[in-house]
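Visitor: I'd like a close look at just one part of this model, please. Could you pick a spot, stay with it, and then show me how the surroundings fit in?

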Amino acid sequence: ALIVVEARQGSEAAADLPIADYDSLAASQVIPRLAGLSTSEVAAVEAYEQAHRGRKTILGKITQLGTA
């Protein structure tokens, strides 16, 4: 049940993501935008990406930003 609740929260967060039209963007379009986001905004993108498309390039870049 917990997984279902988390997925539902992720879906609701799509409209709240700091990158406009996130779902329509290719990974190559998302990655350059990540550097301009706050830590909490990057965390929101990471949670949404993990719950939905799970694109390794985006998640990898988020990891790099977190360790920089």
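Guide: Let's go to arginine 55, which sits in the loop between α3 and α4. Keep in mind that what you're looking at is a predicted model.

Is arginine 55 buried or exposed? With a relative accessible area of 12%, arginine 55 comes out as buried, because the cut-off for that label is under 20%. Now look at what surrounds this side chain. Leaving out residues up to four places away in sequence, arginine 55 touches Tyr22, Leu25, Ala26, Ala27, Val30 and Glu49.

Pick Glu49 out of that list. The side chains of arginine 55 and glutamate 49 form a salt bridge, with 3.0 Å from N to O. How many salt bridges turn up in a search of the whole structure? The search finds one.

Glutamate 49 belongs to helix α3, and its relative accessible area is 1%, so it counts as buried. Its side chain also makes a polar contact, at 2.5 Å, with the side chain of tyrosine 22. Remember that Tyr22 is also on the list of residues that arginine 55 touches. Setting aside residues up to four places away in sequence, glutamate 49 touches Tyr22, Gly54, Arg55, Ile58 and Leu59.

Now zoom out to the helix that carries glutamate 49. The 13 residues of α3 should span 18 Å at 1.5 Å a residue, and the C-alpha atoms at its ends are 18 Å apart, so the two values agree. Which residues of α3 are buried? They are Val42, Val45, Tyr48 and Glu49. These four cover an arc of only 130 degrees around the axis, so they sit on the same side of α3. Turn to the face that points away from that buried side and you'll find the exposed residues Thr39, Ser40 and Gln50. One more residue of this helix is worth a glance: alanine 47 is also in α3, and at 44% relative accessibility it is partly exposed. Alanine 47 and leucine 59 are twelve residues apart along the chain, and their C-alpha atoms are separated by 9.5 Å.

Next, go back to the contacts of arginine 55 and follow Ala27 and Val30. Both are buried residues of helix α2, which runs over residues 27–34, and Leu34 is buried there too. Seen down the axis of α2, the buried residues fall within an arc of 60 degrees, so they line one face of the helix. Exposed residues Ser28 and Pro32 are on the face turned away from that side. What lies over the buried residues of α2? The cover includes α3 (39–51) and α4 (56–67).

Not counting residues up to four places away in sequence, leucine 34 touches Ile19, Val42, Val45, Ile58, Lys61, Ile62 and Leu65. Apart from neighbours within four places in sequence, arginine 33 is in contact with Ile19 and Leu25. Arginine 33 and proline 18 are 15 residues apart in sequence, with 9.5 Å between their C-alpha atoms.

Several of the names you've met come back in the largest nonpolar core, which has 13 residues. Those with the most contacts inside it are Ile19, Tyr22, Val30, Leu34, Val45 and Ile58. The elements giving two or more residues to this core are α2, α3 and α4.

One last stop is the loop between α1 (2–13) and α2, where aspartate 21 is found. Its phi is near 55 degrees, a positive value in a residue other than glycine. Aspartate 21 is exposed, because its relative accessibility is 59% and the label applies to values over 50%.

Finally, step back to the entire chain. The protein chain has four helices and zero strands, and buried residues make up 25% of its 68 residues. Among contacts between residues at least 6 apart in sequence, 58% join residues at least 24 apart. As for the spot where we began, arginine 55 is in the loop between α3 and α4, and its side chain meets that of glutamate 49 in a salt bridge.

Terms used:
Residues are numbered from 1 along each chain as its sequence is written. This is a predicted model: local features need pLDDT of at least 70, side-chain atom pairs count only at pLDDT 80 or more; totals for chains, interfaces and linings use all residues. Side-chain values use heavy atoms; hydrogens and water are left out. Buried means under 20% relative accessible area, exposed over 50%, partly exposed in between (1.4 Å probe, protein chains only). The arc is that of the directions from the helix axis to the C-beta atoms. Contact means heavy atoms within 4.5 Å. A nonpolar core is a set of buried Ala, Val, Leu, Ile, Met, Phe, Trp, Tyr and Cys residues joined through side-chain atoms within 4.5 Å. A salt bridge is a side-chain nitrogen of Lys or Arg within 4 Å of a carboxyl oxygen of Asp or Glu. The expected span of a helix is 1.5 Å times one less than its number of residues. A polar contact is a pair of N or O atoms within 3.5 Å; within protein, one must be able to donate a hydrogen and the other to accept it, and residues adjacent in sequence count only if both atoms are side-chain atoms.
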